[in-house]
Amino acid sequence: MTMPTQGSGLDSGYHDAGAPHTASEVKGSSLGDLMRQVTTDLSTLMRQEVELAKAEIRQEGKKAGKAAGLFGGAGFGGYMVALFVSIAVWQFLDNVMDSGLAALIVAIIWAVVAAVLYSMAKKNAQHVRGLKQTNDSVQRIPDALKPHPEGVTR
């Protein structure tokens with residue numbers, strides 16, 4: 001995966017080393033040039049943030065898909081095993097005790113199995129971490145660039 005990088009030179013607003021222009025370089029520029037540079041930099045920043053979010057969504061989507069597949073497989077496997085083992089245990093216990101009590105014992109056994117499967121699935125789902133890098137980088141955007149809906153009137 002390649003990350004977009006900011007070019008060097010006057011058009012990008014940064015020198016090769018990544019430092020901003022000096023005051024003397026800015027004094028020689030017109031207001032239109034400065035506004036164009038700011039607009040270009042903001043546009044580049046937003047494109048980079050969108051690309052970062054897309055990359056993180058792809059990575060985390062794979063993890064979420066795996067967890068969902070495991071949840072589904074555990075559910076179907078648990079259903080099939082529960083069905084056949086429940087019938088067998090119920091029939092076995094029915095020979096020794098009342099049928100209703102035998103059914104209750106089988107239900108309790110499957111409640112324990114379901115709890116174990118749920119805890120395993122929950123542990124696997126905790127590995128999905130969200131868009132950590134995007135959230136971190138968006139937090140570094142200055143407050144002046146963030147929208148403030150309470151101050152907007154229509």
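Helices are DSSP runs of H or I with at least four residues, numbered from the N terminus. On this basis, the predicted model follows the pattern α-α-α-α along the sequence, with 4 helices and 0 strands in total. Of the 154 residues, 16% count as buried. Contacts between residues at least 6 apart in sequence join residues at least 24 apart in 65% of cases. The protein exposes about 11,500 Å², of which carbon and sulfur atoms supply 66%.

A nonpolar surface patch is formed by Phe-76, Tyr-79, Met-80, Leu-83, Phe-84 and Ile-87, which together have about 620 Å² of accessible area. Phe-76 is placed in helix α2, which spans residues 31-94. The relative accessible area of Phe-76 is 56%, so this residue is classed as exposed.

The structure holds 3 salt bridges. Asp-33 and Arg-36 pair through their side chains at 3.9 Å, N to O; both residues lie in helix α2, 3 residues apart, or about one turn of the helix. Asp-33 is partly exposed at 32% relative accessible area, as is Arg-36 at 38%.

In the salt bridge between Glu-51 and Lys-54, the closest N and O atoms are 3.7 Å apart. These two residues also lie in helix α2, with a separation of 3 residues, about one helical turn. Glu-51 has a relative accessible area of 35% and is partly exposed; Lys-54, at 40%, is likewise partly exposed.

The side chains of Lys-63 and Glu-60 meet at 3.5 Å, N to O, in a salt bridge. About one turn of helix α2 separates Lys-63 from Glu-60, since they are 3 residues apart. Lys-63 is partly exposed at 36% relative accessibility, whereas Glu-60 is buried at 6%.

Conventions
Residues numbered from 1 in each chain as written. Predicted model: local features only at pLDDT ≥ 70, side-chain atom pairs only at ≥ 80, totals over all residues. Heavy atoms only, no water. Buried < 20%, exposed > 50% of the residue type's maximum accessible area, 1.4 Å probe, protein only. Contact = heavy atoms within 4.5 Å. Areas by Shrake-Rupley, 256 points an atom, 1.4 Å probe, with all protein chains shown as cover. Patch = residues over 30% accessible without salt bridge, like charges linked within 9 Å, V, L, I, M, F, W, Y side chains within 5 Å. Salt bridge = Lys/Arg side-chain N within 4 Å of Asp/Glu carboxyl O.
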